[in-house]
Amino acid sequence: YLDFISKRTEGSTEYTTKQVVGYATGELFRFSDRAVSAVFGAEFREEEIADVPDEEAQKDNYWGFTSAGITAGTQDVTEFFTAIEIPILRDSPLGKDMTLNGSWRYTDYSTYGGDDTYRLGFNWQITDLFRVRATSGTSFRAPALYELFLGNQTSFANAFANDVCINYGDNYDPGTNIYDNCAAEGLAPDFPSGAGAPSIRTVTGGGAGLKAETSDSWTAGIVLTPDALNTSFAVSLFDIEINNTVANPSVGYLVFTCYNSPGKTSPFCDRVSPRDQLGYLTDVNNSPVNIGAQRSRGVDYDIVFQKEFASFDLTVDITATQLLEQDRELFDTLDVFDGRW
């Protein structure tokens, strides 16, 4: 009987990467009697994903459980890169050492397209005690194979935990967006009238229209290294902005955001299917999506104590971050969070 009602299932996931990298490095010339070094190179990658769920999952034969499709896709990635380090001065009236370095990279994805990124770094050791440093740069991340080619996966979410219209009369006041949107669909404040509600089916698949995530950032700070204390103190300002953030919003988040918008005008409402004749939610699509932009601005603090003893070395590193501002743009809606630690 056990063989009749049960079965051993097995799936497989295989990632394959082929990579070729070549570069040349060396001294370009000398500046202030110091070498200006650089590197130039190129890289080619071929990436492939093959995820094959058990055949019963593919056929949706698991009662009350998830189903899964085959995920398969390939992409070629071509990159060109260079980096350079320039010593500006050493042991001069302006400081003990000053160095500027920079790097640049162009990346092209066969499944998406290309973009370039850069990084600049500045380091100025004014005295043995005092150092100034700063960086500026960008990043670029095209959608991953899994995000692009994921075969549709289905699962089930508890309606009572994710449908904001269940007993909305007890949870929300008339005049609020959720109360008004639920009432506009003909649902009673004590919906549902019965004791239970069917699960919500969720569908997750690849996002063919996903855009690449990009970012811009800069940092600037000072470092104090008093030798007598065996301790270094660092304070750095940072500002990071990420655009076209890719996320997999949860079912509860999608439903809440949709019904919490005036007249259900949130773009997330396109991912929530209309209710059935009894008023129950049936399907929600929580596939990857570009949700907007994020920006963080704050201060990093770092204290490092190092001491050599007769039988051991001791290092104590204390770090803290003060978040001055954090903005999140969800499509066209901007939320601003107060600064905090």
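pLDDT is the predictor's confidence in each residue, on a scale from 0 to 100. You'll want that score at hand, since this is a predicted model, in which local features need pLDDT of at least 70, side-chain atom pairs count only at pLDDT 80 or more, and totals for chains, interfaces and linings use all residues. Residues are numbered from 1 along each chain as its sequence is written, and side-chain values use heavy atoms, with hydrogens and water left out.

Let's start with the confidence. The chain has an average pLDDT of 87, and 93% of its residues score at least 70. Now look at residues 334–341: there pLDDT stays under 50, and the model has 23 contacts beyond four places in sequence for that stretch. (A contact means heavy atoms within 4.5 Å.) Where pLDDT is low, the predicted coordinates should not be read in detail.

Next, the whole chain. Its secondary structure comes to seven helices and 15 strands; these are DSSP runs numbered from the N terminus, with helices being H or I of at least four residues and strands being E of at least two. Along the principal axes, the C-alpha atoms fill a box of roughly 80 × 50 × 50 Å. The radius of gyration is 28 Å, while a compact globule of 341 residues would have one near 20 Å; the radius is taken over C-alpha atoms, and the globule rule is 2.2 Å times the number of residues to the power 0.38. Of the contacts with a separation of 6 or more, 64% are between residues 24 or more positions apart. As for burial, 33% of the 341 residues are buried, where buried means under 20% relative accessible area, exposed over 50%, and partly exposed in between (1.4 Å probe, protein chains only).

Now zoom in on Glu 79, which sits in strand E4 (residues 71–92). Is Glu 79 buried or exposed? Its relative accessibility is 8%, so Glu 79 counts as buried. Leaving out residues up to four places away in sequence, Glu 79 touches Gly 41, Ala 42, Glu 43, Arg 45, Arg 105, Tyr 106 and Thr 107. With Arg 105, the side chains make a polar contact at 3.1 Å (a pair of N or O atoms within 3.5 Å; within protein, one must be able to donate a hydrogen and the other to accept it, and residues adjacent in sequence count only if both atoms are side-chain atoms).

On to the aromatic rings. Rings of Phe, Tyr and Trp (its six-membered ring) pair if their centres lie within 6.5 Å; planes under 30 degrees apart count as stacked, over 60 as edge-to-face and the rest as tilted. By this rule there are seven aromatic pairs. One of them is Tyr 109 with Phe 140, edge-to-face at 6.0 Å centre to centre and 65° between the planes. That pair links distant parts of the chain, 31 residues apart: Tyr 109 is in strand E5 (residues 95–109) and Phe 140 in strand E7 (residues 130–141). Tyr 109 counts as buried at 12% relative accessibility, and Phe 140 is buried too, at 14%. Phe 309 and Phe 312 form a stacked pair, 4.9 Å centre to centre with 25° between the planes. Here Phe 309 is partly exposed at 38%, as is Phe 312 at 43%.

Finally, visit helix H6 (residues 177–184), whose buried residues are Ile 178, Tyr 179, Asn 181 and Cys 182. Their cover includes helix H5 (168–171) and helix H7 (251–259). After H6 comes Gly 186, with a positive phi near 80°.
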